[in-house]
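Please open the model in your viewer and keep the sequence panel at hand. We will go from one selection to the next, with a short note at each stop.

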Amino acid sequence: MSDNRIPGSLLNIIFKSVEDQLGERGLKMLLTQTKLTCYIQNPPPDDDTPTLDMDRFKSAMGAVIELFGEKAARPLLTRWGKLTFDYALESNPTLFGLAGFATKFMSEEGKARFILKRVLKESENLYGVPHVLTETPDAFNIEIQNCFYCGNHKSNQCICWPPVGFWKSMMRWATGKDYDVHETECIAMGAESCKYVIPKKAMA
Ligand SMILES: [Zn+2]
């Protein structure tokens, strides 16, 4: 049984950001390296159709980081996260429209909490791995168990940039301000799961 989860639209977003940054040849190189050459002739469907299984997605993420190196992969994957949020916003007007309305008179912290809970639930459903939210007086803490962004890659730094880009964009959308979203523990560094912090105070 195939366990496809990753929607074609998300693949298209990452292919597009690779092409923007590295041209058509860069994209071809990536697809060859990640054994996704079938998409050179036939691009994935540009909608929610589940297209790729988690294992292949995971090894594709690892290959992106290995192929481009961590330094180049970082802006690429952060941007992918941002574009993924833009896409979510467009493709899920009910969720975000409702959230915008319901949080109108809330504090920034209240807005962040409201939208974060719903977005993490959506991600959990989409990717099928736990996204656990806890908080302290100063910050929201997110843990992704069995994180797939690090894709079996080993590193001496945190490398799960897509969700960081996603939540940065989400916070900006919800509050109009920039937050220092960052990863604090990463499976790539030997941690048990990947952990992220969203400070409750915006950057000055
Ligand atoms: Zn990770």
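Helices, which here are DSSP runs of H or I with at least four residues, are numbered from the N terminus. Keep in mind as you look around that this is a predicted model.

**Stop one: the whole chain.** Show the protein chain as a cartoon and you will find six helices and six strands. Read from the N terminus on, its elements follow the order β-α-α-β-α-α-α-β-β-α-β-β. The radius of gyration is 17 Å, close to the 17 Å given by the globule rule for 204 residues, so the chain is as compact as a globular protein of that length. Along the principal axes, the C-alpha atoms fill a box of roughly 50 × 35 × 35 Å.

**Stop two: inside the chain.** Of the 204 residues in the protein chain, 36% are buried. Now think about contacts between residues at least 6 apart in sequence: 64% of these join residues at least 24 apart.

**Stop three: Thr 34.** Select Thr 34, and you land in the loop between helix H1 (8-33) and helix H2 (38-41). Is Thr 34 buried or exposed? Thr 34 is buried, because 20 other C-beta atoms lie within 10 Å and the cut-off for a buried residue is 20 or more.

**Last stop: Lys 201.** Finally, select Lys 201 and draw a C-alpha to C-alpha distance from Thr 34: the two are 39 Å apart in space and 167 residues apart in sequence.

Note on methods. Residues are numbered from 1 along each chain as its sequence is written. This is a predicted model: local features need pLDDT of at least 70, side-chain atom pairs count only at pLDDT 80 or more; totals for chains, interfaces and linings use all residues. Helices (H or I, at least four residues) and strands (E, at least two) are DSSP runs, numbered from the N terminus. A residue is buried if 20 or more other C-beta atoms lie within 10 Å of its own, exposed if 12 or fewer, and partly exposed in between; C-beta atoms are placed from the backbone. The radius of gyration is taken over C-alpha atoms; the globule rule is 2.2 Å times the number of residues to the power 0.38. Two residues are in contact if their C-beta atoms, placed from the backbone, lie within 7 Å.
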